[in-house]
Amino acid sequence: MNGFGIDARSNLASTDKPLRPWTVLGIETSCDETAAAVVRGISPGPGEILSNVVFSQLEEHAPYGGVVPEIAARAHVEMADAVVAEALAKSGIDLGAVDAVAATAGPGLIGGVMVGLTTAKALALAADKPLIAVNHLEAHALTARLTEGVEFPFLLLLISGGHCQLMAVEGVGRFTLLGRTIDDAVGEAFDKTAKLLGLPYPGGPRIEVLAKEGRAKAVPLPRPLLGQASADFSFSGLKTAVRQAVQNGAGAADVAASFQLAVTDILGDRTRRAMQQFRQASPDCTHTLVVAGGVASNGAIRATLDALCHAEGFAIKIPPPRLCTDNAAMVAWAGVERGQLGLFDALGVTPRARWPLQDAPHGGSRTNGAS
Ligand code: KG4
Ligand code: ZN
């Protein structure tokens with residue numbers, strides 16, 4: 001047991017590798033990407049991405065400045081079959097040759113989750129394959145094992161449009177929450193700031209580009225919770241201050257640069273706090289920070305976290321941007337990891353709009369195949 005009260009051994013020691021790699025079809029539909037992928041590998045990775053198809057619904061949602069759930073669900077219904085067929089075709093693998101079918105079962109927009117999970121159930125039933133219901137956050141968390149075979153335990157900073165969390169990842173389905181946002185997610189803060197500046201959705205990449213032309217110290221902005229003992233985050237006060245600065249006539253580029261610096265300061269400070277907790281709880285392992293979620297593609301944030309890890313003696317692993325934003329390769333990989341532990345789900349498994357990572361079952365419902 002480690003300081004978090006969790007058995008710190010990975011579920012699968014690297015010496016215990018299953019004899020053969022698994023090939024899993026993964027489906028992701030929890031937000032505004034309809035995605036399917038085929039991945040092959042052995043836990044703890046790295047794995048091989050045989051295909052990774054992402055249909056982005058950006059154009060459908062852009063006029064509304066954010067994701068509209070009903071539009072998303074309809075687009076998933078229209079695209080799911082074609083995206084799955086393309087992923088299988090590109091991989092050169094028949095459905096009959098995969099070891100399991102995995103799909104995001106939550107958390108996310110429920111209409112979309114239902115489409116992806118139901119598609120996976122139908123494929124699993126038709127091809128007599130086991131079904132694996134994947135937690136979307138766990139899929140983000142395990143991506144660094146798909147890309148680099150990062151060993152458990154590691155510290156995870158998950159920064160996306162819907163989530164902002166720091167957690168110790170001890171194994172598949174074994175997470176200890178160290179910090180979380182008490183209001184907005186960091187990607188949401190980027191998107192709302194972009195909207196205030198008249199930039200289209202999604203705002204994060206636009207802010208990053210505009211920030212390069214602005215002065216990061218031009219607009220004074222608060223850094224909520226900086227220096228606090230917990231590793232929690234807060235961004236709503238920052239958003240209010242941005243609104244006031246825009247109303248007072250601050251230039252868009254200066255606001256973008258100042259906002260990005262404030263976010264970077266907050267992420268660095270909160271992560272440093274979580275590193276202290278992680279080091280205390282797991283003094284003897286290699287210390288690694290994994291950064292996941294769409295906001296991890298921000299260059300300024302990456303540079304700050306790089307420097308922080310260097311100063312704190314942590315290795316840093318950030319998957320490439322196309323695997324940081326929502327994709328199905330990460331879902332397929334989570335399927336490889338869960339499947340190799342015998343963690344399958346019954347066809348009656350229900351989609352979940354809310355599904356905190358700490359609730360991700362280690363045991364799931366253990367079955368020996370399609371049931
Ligand atoms: O992980 P993701 O694709 O979807 C989920 O929320 O699960 O993350 C999307 C979020 C959006 O809020 C987007 O604005 C943000 O990631 N994002 C960025 C950048 N690229 C994407 N934020 C800041 N800088 C970026 N370069
Ligand atoms: Zn995501």
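So, the shell around ligand 1: its largest share, four residues, comes from H6. A residue counts as near the ligand if one of its heavy atoms lies within 4 Å of it. Helix numbers are DSSP runs counted from the N terminus, H or I with at least four residues for helices, E with at least two for strands.

Before I go on, this is a predicted model, where local features need pLDDT of at least 70 and side-chain atom pairs count only at pLDDT 80 or more, while totals for chains, interfaces and linings use all residues. Residues are numbered from 1 along each chain as its sequence is written, chains are lettered from A and ligands numbered from 1 in the order in which they are written, and side-chain values use heavy atoms, with hydrogens and water left out.

Back to ligand 1. At least two shell residues each come from helix H4 (136-148), helix H5 (186-196) and helix H6 (203-211). Of the 21 residues around the ligand, the nearest are Gly161, Asp191, Gly204, Glu208 and Gly294. By type, the shell has five nonpolar, 13 polar and three charged residues; nonpolar here is Ala, Val, Leu, Ile, Met, Phe, Trp, Tyr, Cys and Pro, charged is Asp, Glu, Lys and Arg, and the others, Gly among them, are polar.

What about polar contacts, meaning pairs of N or O atoms within 3.5 Å? A backbone N or O atom of Gly161 sits 2.7 Å from a ligand 1 oxygen. Asp191 puts a polar side-chain atom 2.7 Å from an oxygen of ligand 1, and for Gly187 a polar backbone atom is 3.2 Å from a ligand oxygen. Taken alone, ligand 1 exposes 560 Å², and the protein buries 89% of that (Shrake-Rupley areas, 1.4 Å probe).

Now the zinc ion, ligand 2. Which protein atoms are its donors? They're His136 (NE2), His140 (NE2) and Asp326 (OD), 2.1 to 2.2 Å from the zinc, a donor being an N, O or S atom within 2.8 Å of the metal (3.2 Å for Na, K and Ca). Along the chain the spacing reads H-x3-H-x185-D. His140 is in helix H4 and Asp326 in the loop between helix H10 (321-324) and helix H11 (329-340), 186 residues apart, so that pair links distant parts of the chain.

Ser43 and Pro44 are joined by a cis peptide bond, omega about 10 degrees, and Pro44 lies in the loop between strand E2 (33-41) and strand E3 (48-56). Gly106 to Pro107 is also cis, omega near -15 degrees, with Pro107 in the loop between strand E4 (100-106) and helix H3 (110-127).

Key:
A polar contact is a pair of N or O atoms within 3.5 Å; within protein, one must be able to donate a hydrogen and the other to accept it, and residues adjacent in sequence count only if both atoms are side-chain atoms.
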